[in-house]
Protein chains: 2
Amino acid sequence: MSQIKGKQSTEFERDVYILGAASIVGQKEGEGPLGENFDKIEQDPMFGQKSWEEAESEMQIKAAKLVLEKCGRKAEDIRMIFAGDLLAQSIASCFGLVDLNRPLYGLYGACSTIGEALSLGAMAVAGGYANYVLSMTSSHFASVEKEFRFPLAYGNQRPPSSSWTVTGSGACIVSSEKSNVKISGITSGKIVDYGLKDSQNMGGCMAPAAADTIAQNLADFERKPEDYDRIITGDLGSIGKEILLELMKKKGYDIAGNYLDCGMLIFDPNTQDTNAGGSGCGCAATVLASTLLPKLESGEWKRILFVPTGALMSKVSFYEGKSVPGIAQGVILEHAGKE
Amino acid sequence: MSQIKGKQSTEFERDVYILGAASIVGQKEGEGPLGENFDKIEQDPMFGQKSWEEAESEMQIKAAKLVLEKCGRKAEDIRMIFAGDLLAQSIASCFGLVDLNRPLYGLYGACSTIGEALSLGAMAVAGGYANYVLSMTSSHFASVEKEFRFPLAYGNQRPPSSSWTVTGSGACIVSSEKSNVKISGITSGKIVDYGLKDSQNMGGCMAPAAADTIAQNLADFERKPEDYDRIITGDLGSIGKEILLELMKKKGYDIAGNYLDCGMLIFDPNTQDTNAGGSGCGCAATVLASTLLPKLESGEWKRILFVPTGALMSKVSFYEGKSVPGIAQGVILEHAGKE
């Protein structure tokens with residue numbers, strides 16, 4: 001039994017499905033172009049809690065409970081959780097998910113975490129170790145500003161290349177139970193460091209990693225960009241997009257025709273002052289759950305390459321003058337329903 | 001194909017081995033009771049670098065290269081890395097492993113991370129997604145003091161229940177290639193929160209999680225404690241040990257006769273001033289690589305339950321008055337050589 005495909009990819013022999021997904025976002029995301037797609041828009045940025053961190057944890061447990069409810073499943077059905085977030089020591093996930101009382105594998109892949117959670121979740125189900133796993137992430141604008149930048153009250157200045165952290169949590173149940181969306185393969189991403197040090201241009205920092213993973217996926221599966229209805233990155237934003245398209249051209253691929261970026265879909269930069277676009281673990285996760293999966297479920301899209309992207313850095317690495325390497329995890333999602 | 005065992009465990013149908021392991025530690029660990037077991041003892045706490053974080057990264061890449069060398073393998077043979085550390089946003093791993101140029105799944109399980117890395121690595125190999133994966137972690141006394149407590153120069157006071165973070169990195173190659181040590185199964189750990197808030201008593205905070213995972217393992221595999229030559233936790237230390245033994249008694253198990261703790265093995269508290277024992281991601285990982293695996297390789301031990309333990313907290317969660325939940329990941333290791 002080998003499901004090894006090319007240099008960095010896996011093609012699952014046993015079918016793995018996304019049984020269902022849920023998305024919970026904040027007010028600003030609700031006012032954006034995808035507003036009506038989200039399951040729940042929470043107007044209170046504190047989510048009824050006393051700190052930003054507790055707010056993010058509350059958002060996670062709400063998303064987890066909602067996806068269970070939508071799929072008609074109980075917490076006990078979930079054999080493993082794969083989850084992570086952007087906060088130091090992943091406290092949003094640790095404190096958010098403790099009450100589910102299910103086994104947890106904590107992840108850190110920066111904003112690529114939902115790609116990592118889906119990849120490992122699919123491995124667990126395809127391997128026969130679980131019938132239902134929960135793959136989820138979150139980010140919260142205010143907890144992330146506190147973690148990486150300045151207290152909100154300081155009124156942080158934002159260059160045009162900066163992104164706006166999405167307040168949102170997206171959760172998927174990955175299962176052996178059939179649904180209309182299949183995870184047919186993955187491409188495991190490498191850390192790619194072009195030496196960029198501008199943490200206010202994360203799209204630029206992550207674009208080389210996205211190009212690396214996408215090109216590797218096409219090579220490993222011997223596919224052309226057109227073999228995917230869409231190739232969709234996590235949160236490169238408008239600056240990162242241009243760099244990605246250019247890098248892909250240099251690798252011999254023109255993906256401009258079927259390329260999308262979750263960070264560019266979730267906000268309207270003209271009216272929402274979000275500069276390059278949305279970012280954060282919650283960006284790709286909520287756009288997937290709310291907007292991408294329904295198009296695969298309906299069959300409007302037959303196959304997409306979903307590539308959440310992460311910028312690897314911390315306050316400390318930034319202050320110590322380190323670069324911001326990127327990582328991107330590729331997940332192939334296919335329509336699995338009857339034609 | 002189902003390898004699901006009981007409520008939280010997996011029994012691998014396909015054989016998965018630990019092909020080899022490497023350990024690199026600092027001076028203090030080298031002076032401890034296990035000193036002569038480690039592959040390399042580095043006298044320079046900076047590992048030739050300019051910051052504590054860079055020192056930890058350097059230690060990781062050295063451990064990774066050493067295990068490759070010991071196993072006669074090249075970086076290109078490694079299909080996936082499963083790694084993490086204690087620093088915010090896992091920067092020790094991100095910056096340490098970038099030069100290996102291999103696909104990475106970043107993990108966060110606090111000091112249980114080597115258990116998580118071995119569990120997911122075994123899943124990847126047993127599932128047929130990889131023939132060789134690298135499972136590794138690190139911690140560094142000084143980077144961790146900076147991350148969680150005070151600058152070293154402040155001369156932090158330590159209560160008797162506190163532990164001493166191990167400076168060390170342990171790396172294992174998990175493979176489908178046969179060796180004398182097999183990973184036969186895992187028990188996926190839940191977050192367990194007894195509400196303790198004393199981050200200077202992490203053993204006490206983690207003991208309930210260890211008890212939960214050990215008892216679940218025994219139930220899932222229908223085993224008695226004596227079915228394991230040893231049951232070995234990660235870093236409960238002397239206080240956590242007493243609580244664990246008591247909790248296990250309440251669950252109906254007496255494990256006192258075959259119980260060990262990596263944190264109690266690595267330092268001599270009488271001469272090394274390490275209070276309750278060693279801790280940190282590097283503790284269980286280096287003790288495994290240096291001391292536990294050789295006993296399995298030789299057949300002195302036939303089967304052990306290795307249970308790295310993690311305390312889930314951050315500076316922020318501590319300052320906000322949150323408790324310190326624990327998590328423990330169980331890995332069953334067996335002698336696989338000829339009798």
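Here are some questions and answers about this predicted model.

Q: What relation do chain A and chain B have to each other?
A: Let's start with how one chain is laid over the other. A rotation of 180° with 0.0 Å of shift along its axis puts chain A on chain B, with an RMSD of 0.0 Å. That makes it the relation of a two-fold axis.

Q: Do the copies meet through the same surface or different ones, and what percentage of the interface residues says so?
A: The contact takes 53 residues from chain A and 53 residues from chain B. The copies meet through the same surface, because the share of chain A's interface residues that are also interface residues in chain B is 100%.

Q: Which element gives the most to the side of chain A that touches chain B?
A: Several elements of chain A give two or more residues to that side, among them strand E5 (80-84), helix H3 (91-97) and helix H11 (315-319). By class, the side of chain A that touches chain B has 28 nonpolar, 17 polar and 8 charged residues. The element giving the most, with 5 residues, is H4(A).

Q: How many residues does the largest nonpolar core have?
A: Nonpolar side chains tend to be buried together in soluble globular proteins. Here, the core residues with the most contacts inside it are Val67(A), Val133(A), Val67(B) and Val133(B). Leaving aside neighbours within four places in sequence, Val133(B) touches residues including Ile78(B), Phe82(B), Ala124(B) and Val174(B). The size of the largest nonpolar core is 244 residues.

Q: Is strand E9 of chain B largely enclosed or open, and how many of its residues are buried?
A: Gly168(B), Gly170(B), Cys172(B) and Val174(B) point one way from E9(B), while Ser169(B), Ala171(B), Ile173(B) and Ser175(B) point the other way, and all are buried. E9(B) is therefore largely enclosed by the rest of the structure, with a buried count of 8 of the 8 residues.

Q: In which direction do E3(B) and E9(B) run, parallel or antiparallel?
A: Within this pair, Ala21(B) stands opposite Cys172(B), and the bridge partner of Gly20(B) is Ile173(B). E3(B) is mostly covered too, with 10 of its 10 residues buried. The 8 bridges join E3(B) to E9(B), and the strands run antiparallel.

Q: What is the bridge partner of Val25(B) in E4(B)?
A: E3(B) is joined by 3 bridges to strand E4 (residues 40-42) of chain B, and these strands run parallel. In E4(B), the partner of Val25(B) is Ile41(B).

Q: Is Lys190(B) buried or exposed?
A: Lys190(B) sits in the loop between strand E10 (181-187) and helix H6 (202-220) of chain B. Leaving aside neighbours within four places in sequence, Lys190(B) is in contact with Asn101(A), Arg102(A), Pro103(A), Leu104(A) and Asp212(B). The cut-off for buried is 20 or more other C-beta atoms within 10 Å. Lys190(B) has 23 C-beta neighbours inside 10 Å, so it counts as buried.

Q: What is the phi of Ser90(A) near?
A: Ser90(A) lies in the loop between E5 and H3 of chain A. Ser90(A) counts as buried because it has 30 C-beta neighbours inside 10 Å. Its phi is positive in a residue other than glycine, near 50°.

Note on methods. Residues are numbered from 1 along each chain as its sequence is written. Chains are lettered from A and ligands numbered from 1 in the order in which they are written. This is a predicted model: local features need pLDDT of at least 70, side-chain atom pairs count only at pLDDT 80 or more; totals for chains, interfaces and linings use all residues. Two residues are in contact if their C-beta atoms, placed from the backbone, lie within 7 Å. Helices (H or I, at least four residues) and strands (E, at least two) are DSSP runs, numbered from the N terminus. Ala, Val, Leu, Ile, Met, Phe, Trp, Tyr, Cys and Pro count as nonpolar, Asp, Glu, Lys and Arg as charged, and the others, Gly among them, as polar. A nonpolar core is a set of buried Ala, Val, Leu, Ile, Met, Phe, Trp, Tyr and Cys residues joined through C-beta atoms within 7 Å. A residue is buried if 20 or more other C-beta atoms lie within 10 Å of its own, exposed if 12 or fewer, and partly exposed in between; C-beta atoms are placed from the backbone. Copies are superposed by least squares on the C-alpha atoms of residues with pLDDT of at least 70 in both. Two strands pair if DSSP finds at least two bridges between them.
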